4 protein chains.
Amino acid sequence: MALTPSQLQDLAEAKAFRAETRRPTVPALEAMLFEPVPVLDHGFVRVIDYMGDDAAVVQAARVSYGRGTRAANEDRGLIRYLMRHRHSTPFEMCEIKYHVKLPIFIARQWIRHRTANVNEYSARYSILDREFYLPAPEQLAAQSASNRQGRGTVLQGAEAEHVLRLLRQDAMTTYDHYAEMLNEDEAGQPADPARQGLARELARMNLTLNTYTQWYWKTDLHNLLHFLSLRADAHAQYEIRAYAEAMMRSLEAWVPAVAEAFRDYRLGAVTLSAQMLAVVRRLLAGEAVEQGGSGLSKREWRELMEQLGRPA
Amino acid sequence: MALTPSQLQDLAEAKAFRAETRRPTVPALEAMLFEPVPVLDHGFVRVIDYMGDDAAVVQAARVSYGRGTRAANEDRGLIRYLMRHRHSTPFEMCEIKYHVKLPIFIARQWIRHRTANVNEYSARYSILDREFYLPAPEQLAAQSASNRQGRGTVLQGAEAEHVLRLLRQDAMTTYDHYAEMLNEDEAGQPADPARQGLARELARMNLTLNTYTQWYWKTDLHNLLHFLSLRADAHAQYEIRAYAEAMMRSLEAWVPAVAEAFRDYRLGAVTLSAQMLAVVRRLLAGEAVEQGGSGLSKREWRELMEQLGRPA
Amino acid sequence: MALTPSQLQDLAEAKAFRAETRRPTVPALEAMLFEPVPVLDHGFVRVIDYMGDDAAVVQAARVSYGRGTRAANEDRGLIRYLMRHRHSTPFEMCEIKYHVKLPIFIARQWIRHRTANVNEYSARYSILDREFYLPAPEQLAAQSASNRQGRGTVLQGAEAEHVLRLLRQDAMTTYDHYAEMLNEDEAGQPADPARQGLARELARMNLTLNTYTQWYWKTDLHNLLHFLSLRADAHAQYEIRAYAEAMMRSLEAWVPAVAEAFRDYRLGAVTLSAQMLAVVRRLLAGEAVEQGGSGLSKREWRELMEQLGRPA
Amino acid sequence: MALTPSQLQDLAEAKAFRAETRRPTVPALEAMLFEPVPVLDHGFVRVIDYMGDDAAVVQAARVSYGRGTRAANEDRGLIRYLMRHRHSTPFEMCEIKYHVKLPIFIARQWIRHRTANVNEYSARYSILDREFYLPAPEQLAAQSASNRQGRGTVLQGAEAEHVLRLLRQDAMTTYDHYAEMLNEDEAGQPADPARQGLARELARMNLTLNTYTQWYWKTDLHNLLHFLSLRADAHAQYEIRAYAEAMMRSLEAWVPAVAEAFRDYRLGAVTLSAQMLAVVRRLLAGEAVEQGGSGLSKREWRELMEQLGRPA
């Protein structure tokens, strides 16, 4: 992720700015503001703005009049209670805004979270940079044999080299042809005066899905947690999980009590179906339960045994 | 709107608080923060927190890297362009949070705006205060003869007095019975030890719809403008319009360029149907157009003539 | 719930109507269409229209071209998989529309579910009927001593009678005054020609919160399940649970495979936090775990023991 | 758009299916059900299911009890009134579900409409077909000189040929490499047993943005109209407009009265700002207004003169 001199100056100015405010302010998050956290080979995520803190969640839950004067440990207890019982509205009272640079095929997964506000860089209006995602060698995985939407072992040797070469070469070729079709030089003038240049809104179709785009993405804390619970999960595709993990760090700086409760009651939690709970009760009563008589399918049985840390 | 000593102290503390921030900060809105603006007889609206400013709208539209370095008049032009062409996403990048105290029948209109985040004081969990809305004499209007959902002339004399007496007396009686059924003294103990007291979630059903409730209401700027375009409009019920007008003042302090564009392109704008536009073109061409040959219904004709400032 | 002769005729006509369609059609739900299911003393819920069926969920999950040709038991397995892993979008492909008559204080809880489409009877435009909710004797419960938003034992004897009398009398008095202030006879003419009558949008504020209102409420299946998981739950207020339970019956007629999976994986399921799961693993390993060394708060410990069916 | 034999059979079965229903049914839309309407070179849009009709809008607006017995011309008048005054909730009472096949770069524009329900074919789970969009010669336009996000004249001769050749060749090459990296034969077995094959979730990143994807897209009528007002507009990119126009035809078959009102009050309508309205009033009063003294910017002046059909 290389910034242009003009971007570096903008960034320095934004970081140097100081104002006085009466709003709830979180020094640990202020220290991170504007700073891009690198993700993948050319991407980043950075916090642009935020509203609220742990206390704002508590205050909304109490619809109290002031800033809240209870002891911090009471606040922590209330936040844990709200998280455990899946109360959502108090968490909606905090808001955060990110600037994200990410490959288009990841943007397509991400945008499925419909409750956020999004402003994406427009390739209809502007020209995209020559940047595309190429997986690191340890991420170049084979198709999983057991999971139709997962990865298996890492490709090795000639196959790995061949795949990387194809990805790099195709991204470079299609980008070069994109630029050629646009026919614009750096000043926006025709590179070749003999040609008109294809409209930007058409030329972009020649780019591959690993081309980087960027957007502003703003969401409330409740929906951020929902996003993170799906995307920081082990079943998420690695490339989006890398972003979610970078965002987890801003969550911890911003609302530490919420982040702790989120880890305990959401990320690390398991949900047992009625039948699974019945099996656990029977096991606790000392009964020897087998899959056959458990009321669970083989797949459910395997999932349960894994959660309980027992051999299936 | 009388605050308790404890609320006044909370308010004073919130207002005295100062922190340093690198976030976009709007001094004119900071000066208003936390301060309740009285609305109706016991209600208020006050800004609790906010995110973003005029420049944040511009920055999102440009997905630029820094805080935006263009001249202010270019920013104003872009904001006007975005408003004129109904671009919505850049306005979603700003957020504001209000604390509102309002009569329940107005809360029921307000909540129809589904995109906001809301935390309401819970009458299932807590006890509502003995406060209810009574219209000022100049608001005690008769049913409109021409508009099934509007007001006509103001009631006078004996009828006005009678109506006000009924409203006040019924609100007081039902509240007193609510308290009696609850059977709780100020310490939360049974007022009459011989009775158990009705559950709060049931007792509340005895209150009238002019009882005051309160909530935290948080929305992005785009949806705030949508709310204001409907509720600061002359066709809105007076009681909700009073809140919308108080919120217009916070809008002007917060995002003056957006507020100006909103007045020009939304509040003061008119939409002409295809047929109405055809009539305007014919009139401009010097043709004498009558309702009969206009392609407009009588109602549409009347609406158009009103907008054009011509006698119908 | 008494219908007027005109409503009964409309109902009979709607039920007699038959058309041929190529859309997915569910005979068991067709048999229920339009028929009001009584809820509480004057309320009802009835299905007005629907789109999709169990197969539509499967079809969306597969984005298949036709109606889906797998065997029914494969469909059931896929639906259970989707429910277990909290996939939401395939369930959004079905839609249902209800007509509901309900007390206003319940409508205020219900409307918090913001994703539905709602058209409510307008008391700004029309006049509400003289119908209000009075709890049945077995629902007239005291405040719970342990749960600030719950009910305790049922009120008995003189207190119960007194409470019911207050509720009935206040609802009747406030309604009578509402009608008096409106000053309209059945033909919409002034009842008392000497008075103008108060505007409907104002007079309504005199009604108590147990007055019945009605609305059309339309939602997709995913959000219906979310509504039911909260409102058919034992912690929900009885009055809204009564509606949720009536709606559960339409769910079972409409999408039986989804309803079954919903009961197993949502209604009957429990979520264990990371710490709770650790306790279960230790118990299964034969360890004697006490609350003190469990990492759980007393409240969490009590909740867990209850779920596991063990003495706390 | 070539269907496989299995798809053709599914389609034939879906079209042959008939059931009896008591739901509102629209014969003109039934006749279109399931039938793909070709759009662009390989895309289509087809209606899969629907709920409601013109009368359902009216019924919701009246929250009437039955199917509605007013004369059709009264219904039309009410629908026009609702559309003119931007009432949205009655239109939300109808729902429609489409199956759409479209190029990915168009899917990325389309998905910005966040209120719809979407199930997209998953390239993480499955393998995409070898189909990509190539513009017809008359759509191969140059960048507009005046509008940064628009098209200018159509490319001719050698440049047109060159552009088309690049687009075709890059799409074919990247698809071939995608297939090569996947290394799966038609039975899902390794094409080359010496290689493992790259995970599907990674290989897809090599595809170009004109590759076709498909999804189920379900929305209520209000949000469909919003989509159409933006995407059937002359400023929309041609490729998405082609879909919107195909959907307009299903709108007209489904809800003819709504479609007519939509054309008059939305598609063919113009919105005049406060300043524009002032200019129109002055012009109607016979005043000679110039841009200089109009209070309008040059750009606004040009837009207004265009709408009024006058030379700028």
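This is a predicted model: local features need pLDDT of at least 70, side-chain atom pairs count only at pLDDT 80 or more; totals for chains, interfaces and linings use all residues.
1. Start with one residue pair in chain D. The bridge partner of Val39(D) in strand E3(D) is Gly43(D). Strand E2(D) is joined to E3(D), residues 43-51, by 3 bridges. These two strands run antiparallel.

2. Now the sheet around that pair. Chain D has an open sheet of 5 strands, in the order E2-E3-E4-E8-E5. The pairing is antiparallel. At the edges lie E2(D), residues 37-39, and E5(D), residues 117-120. Each of these edge strands pairs on one side only. On average, neighbouring strands of the sheet are turned by 25° against each other, with direction ignored.

3. A helix covers part of this sheet's story. Helix H8(D), residues 221-231, packs on the sheet. H8(D) touches strand E4(D), residues 95-103, and strand E8(D), residues 212-220. The direction of H8(D) makes about 125° with that of E8(D).

4. Next, helix against helix across two chains. H6(A) and H6(D) each span residues 157-182. Their axes come within 11 Å and cross at roughly 165°. With angles over 145 degrees counted as roughly antiparallel, H6(A) and H6(D) are therefore roughly antiparallel to each other. The crossing is left-handed.

5. Which residues of H6(A) and H6(D) make this contact? From H6(A) come Val163(A), Leu166(A), Asp170(A), Thr173(A), Thr174(A), His177(A) and Met181(A). From H6(D) come Val163(D), Leu166(D), Asp170(D), Thr173(D), Thr174(D), His177(D) and Met181(D). By class, the contact has 6 nonpolar, 6 polar and 2 charged residues.

6. Then chains C and B. Here 43 residues of chain C are in contact with 43 residues of chain B. On the chain C side, the elements giving two or more residues are helix H5 (104-110), strand E6 (141-143), helix H6 (157-182) and helix H7 (200-203). H6(C) gives the most, with 9 residues. The chain C side has 19 nonpolar, 13 polar and 11 charged residues.

7. Last, how chains A and B relate.

Methods. Residues are numbered from 1 along each chain as its sequence is written. Chains are lettered from A and ligands numbered from 1 in the order in which they are written. Two residues are in contact if their C-beta atoms, placed from the backbone, lie within 7 Å. Helices (H or I, at least four residues) and strands (E, at least two) are DSSP runs, numbered from the N terminus. Ala, Val, Leu, Ile, Met, Phe, Trp, Tyr, Cys and Pro count as nonpolar, Asp, Glu, Lys and Arg as charged, and the others, Gly among them, as polar. Two strands pair if DSSP finds at least two bridges between them. Axes are lines fitted to C-alpha atoms, for helices over the stretch in contact, and angles run from 0 to 180 degrees between N-to-C directions. Angles under 35 degrees count as roughly parallel, over 145 as roughly antiparallel, 65 to 115 as roughly perpendicular and the rest as oblique. A crossing is left-handed if the near helix is turned anticlockwise from the far one by less than a right angle, and right-handed if clockwise.
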